[in-house]
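This report describes a structure in terms of its fold, its dimensions and a few selected residues. The sequence and structure are shown first.

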Amino acid sequence: MPTFVYMTRCDGCGECVDICPSDIMHIDKSLRRAYNIEPNMCWECYSCVKACPHQAIDVRGYADFAPLGHSVRVIRDEEKGTIAWRIKFRNGKKEMDLLAPITTKPWGSATPKLADAPAPSKEMRDSELLFNEPKYIRMDEGGLHTLESNGLTLKKGVYY
Amino acid sequence: MFTSNPFASLTEVISPEMMQGYIVLMVLLVMGGTILDMIHKKSAKYFFENAKKAQKSAKRSVSGGEKASIAVSVLVNEVLTSGEFSNPRRRLSHLLTMYGFIIFAVTTVMMIFGYTAPDAVTPAILPKLWHVGALMLALGGYWFWFFIRVDVSAEGLPCFRFERADLFIVSLLATSTFALIWSFTGGGLGIPFALFILSTTVLFGGVYWSKFAHMFFKPAAAHQKKITRADGSRENLPPDYDLTDPEVHRKFPDVPMYMGKNPPNMGLCIKAERPNHY
């Protein structure tokens with residue numbers, strides 16, 4: 001679902017131009033408002049949708065499953081630490097509201113302090129393992145976690 | 001220089017009636033340009049259709065008193081203090097240019113219509129305000145043009161690149177700059193005066209092609225946006241959830257499970273600083 005800009009809501013601040021990883025959000029030459037120059041190349045990462053301070057950017061569903069008339073809108077609230085979506089069906093009646101956490105701790109409070117970590121020993125440097133690897137893949141607690149070690153089995157077929 | 005009416009010295013070569021006629025012509029050009037702009041872009045039609053569509057998804061009706069209080073808040077926040085800008089530098093630059101332009105335009109009209117007669121004595125405050133207005137306009141405008149303009153700050157384009165979207169700001173800057181140069185060089189006829197008149201004619205005559213008319217549309221758009229917040233339609237945006245509300249906890253159990261029942265303010269995250277990668 002590529003993005004598009006409501007020109008009447010956009011104030012040309014450039015947040016979407018700064019954040020777009022595909023570099024396809026640009027500024028219109030006659031109105032100085034943002035627009036998606038190439039929707040086909042949109043990664044659909046929604047970075048611009050979430051970064052826009054005026055909620056001027058929406059996503060347009062592909063016509064085969066979301067014909068014109070539907071609406072997908074989002075508010076990413078950094079201070080609350082949540083992201084809220086509202087999906088409105090094309091009949092204008094059915095709506096879906098979604099709310100999910102995007103952080104559980106204040107931003108920047110859980111950044112690993114790698115500078116304070118002790119320097120690796122020679123043995124660690126010569127090892128094939130990367131920094132913190134035994135700890136992070138939990139080999140130090142008795143080997144890798146697998147379905148078998150957790151008493152689980154893989155079921156056959158497609159299931160949900 | 002700062003206390004003398006620059007238009008009074010012009011009356012020896014240009015009659016006051018002609019100057020007043022020019023002002024009236026500029027007002028007519030602005031009105032005509034705005035109407036043509038509305039007809040061409042169908043902005044008024046789109047605006048009212050959109051308002052009607054928003055009303056259909058309204059959760060409650062907004063009373064007349066509420067609408068009036070919204071109009072007052074639009075006047076205070078959006079019109080008088082440019083509160084719609086989330087970037088404080090842009091807001092300040094806009095306030096400088098807006099108030100500079102208003103002071104400059106109003107004092108120009110007052111001096112031309114009230115104090116160009118041969119025996120008229122211009123109050124010293126008017127020329128002072130005229131110069132202050134032009135300086136504020138130039139200060140805010142050049143700040144915007146060289147540093148804040150999105151083409152420079154986000155697109156990374158050179159600040160001297162000119163395109164149609166710049167017609168308004170360039171003609172504004174040219175008007176204030178040539179007005180000041182004209183006044184500092186003693187007024188009267190000459191190249192600075194010709195450039196001053198040329199830039200004002202482009203500014204007011206180019207409304208159809210420039211962004212001049214935004215000052216008439218923006219308050220209406222801001223009012224409509226606030227109405228949609230008040231009537232619950234919110235332009236189809238999700239509600240503004242209170243994360244401590246038990247009803248929100250019941251509907252979205254992930255929130256209390258991962259964030260607790262009373263989550264703290266998480267801070268500004270990516271909004272803490274402007275991207276600076278050029």
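## Secondary structure and conventions

Chain B contains 11 helices and zero strands, and its elements run α-α-α-α-α-α-α-α-α-α-α from the N terminus on. Helices (H or I, at least four residues) and strands (E, at least two) are DSSP runs, numbered from the N terminus.

This is a predicted model, in which local features need pLDDT of at least 70 and side-chain atom pairs count only at pLDDT 80 or more, while totals for chains, interfaces and linings use all residues. Residues are numbered from 1 along each chain as its sequence is written, chains are lettered from A and ligands numbered from 1 in the order in which they are written, and side-chain values use heavy atoms, with hydrogens and water left out.

## Dimensions and domains of chain B

The radius of gyration of chain B is 24 Å, whereas a compact globule of 278 residues would have one near 19 Å. This radius is taken over C-alpha atoms, and the globule rule is 2.2 Å times the number of residues to the power 0.38. The C-alpha trace of chain B spans about 80 × 45 × 35 Å along its principal axes.

An automatic or database domain assignment divides chain B into domain 1 (9–230) and domain 2 (241–272). The centres of domain 1 of chain B and domain 2 of chain B, taken over C-alpha atoms, are 43 Å apart.

Of the 278 residues of chain B, 40% are buried; buried means under 20% relative accessible area, exposed over 50%, and partly exposed in between (1.4 Å probe, protein chains only). Among contacts (heavy atoms within 4.5 Å) in chain B between residues at least 6 apart in sequence, 69% link residues at least 24 apart.

## Selected residues of chain A

A:M25 belongs to strand β2 (residues 25–27) of chain A and is buried, with a relative accessible area of 1%. Not counting residues up to four places away in sequence, A:M25 touches several residues, including A:T3, A:V5, A:C16, A:Y35 and A:I57. A:N36 is another of these partners; the C-alpha atoms of A:M25 and A:N36 are separated by 4.7 Å, although the two are 11 residues apart along the chain.

Two loop residues have a positive phi. A:D23, not a glycine, has a phi of about 55 degrees; A:D23 lies in the loop between α1 (15–19) and β2 of chain A and is partly exposed at 46% relative accessibility. A:Y46 has a positive phi near 65 degrees; A:Y46 is in the loop between β3 (34–36) and α2 (47–51) of chain A and is buried at 13% relative accessibility.
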